[in-house]
Amino acid sequence: MEGFHSYIYEWIDNLQFLVSPSALLGERATSYVEAAKVVFGEMDWKGDGEIQVLWLPLFVFSDTKDISTEGVVIWHVKQIEDGISYLLSPVPLQFKGLL
């Protein structure tokens with residue numbers, strides 16, 4: 001997760017479109033989840049909630065020069081304590097409301 005861009009958003013409440021990292025990465029997911037926990041912790045995440053991933057297709061980005069045609073996978077955890085969502089992205093996100 002080194003070099004990923006970190007964001008906070010209040011609140012992502014519809015989690016139906018997020019999946020478990022193991023659904024995408026299989027057994028390799030464990031090491032990625034552990035790395036995500038470290039970065040989320042540095043963002044003030046308290047360690048509760050389930051780490052999941054969200055896929056964003058290419059067409060949601062206004063500037064696509066650094067975006068794969070396959071889209072982007074965003075790492076997400078929703079903190080149970082206060083509902084704040086923490087996000088990690090390999091590319092900069094320019095959506096309103098992100099902190």
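**Strands, a helix and aromatic pairs**

Author: Four bridges join β3 to β4, and these two strands run antiparallel, where strands (E, at least two residues) and helices (H or I, at least four residues) are DSSP runs numbered from the N terminus, and two strands pair if DSSP finds at least two bridges between them. This is a predicted model, in which local features need pLDDT of at least 70 and side-chain atom pairs count only at pLDDT 80 or more, while totals for chains, interfaces and linings use all residues. Residues are numbered from 1 along each chain as its sequence is written, and side-chain values use heavy atoms, with hydrogens and water left out.

Reader: What lies between β3 and β4, and which residue in the turn has a positive phi?

Author: The two strands form a hairpin with six residues between them. Across the pairing of these strands, Val-77 stands opposite Tyr-86 in β4. The residue in the turn with a positive phi, of about 80 degrees, is Gly-83.

Reader: In what order do the strands of the open sheet lie?

Author: The sheet has four strands with antiparallel pairing. Its edge strands, each pairing on one side only, are β1 (5–9) and β2 (51–56). Neighbouring strands are turned by 25 degrees against each other on average, direction ignored, with axes being lines fitted to C-alpha atoms (for helices over the stretch in contact) and angles running from 0 to 180 degrees between N-to-C directions. The order is β1-β4-β3-β2.

Reader: Over how many bridges do β2 and β3 pair, and what is the bridge partner of Leu-56?

Author: Strand β3 covers residues 72–78, and β2 pairs with β3 in the antiparallel sense over six bridges. Within β3, Gln-52 has His-76 opposite. For Leu-56, the bridge partner in β3 is Val-72.

Reader: Which strands does helix α2 touch where it packs on the sheet?

Author: Helix α2 takes in residues 29–42, and its direction makes about 60 degrees with that of β3. Contact here means heavy atoms within 4.5 Å. By that criterion, the strands touched by α2 are β2, β3 and β4 (85–89).

Reader: How many aromatic pairs does the structure hold, and which parts does the pair of Tyr-32 and Trp-75 tie together?

Author: There are three aromatic pairs, counted when ring centres of Phe, Tyr and Trp (its six-membered ring) lie within 6.5 Å, with planes under 30 degrees apart called stacked, over 60 edge-to-face and the rest tilted. Tyr-32 and Trp-75 form a stacked pair, 6.4 Å centre to centre and with 20 degrees between the planes. Tyr-32 is partly exposed at 37% relative accessibility, while Trp-75 is buried at 6%. The parts tied together, 43 residues apart in sequence, are helix α2 and strand β3.

Reader: Is Phe-61 buried or exposed, and why is its pair with Phe-95 tilted?

Author: Phe-61 sits in the loop between β2 and β3 and Phe-95 in the segment after β4, 34 residues apart. At 10% relative accessibility Phe-61 counts as buried, whereas Phe-95, at 35%, counts as partly exposed. The ring centres are 6.1 Å apart, and the pair is tilted because the planes stand at 45 degrees.

Methods
Buried < 20%, exposed > 50% of the residue type's maximum accessible area, 1.4 Å probe, protein only.
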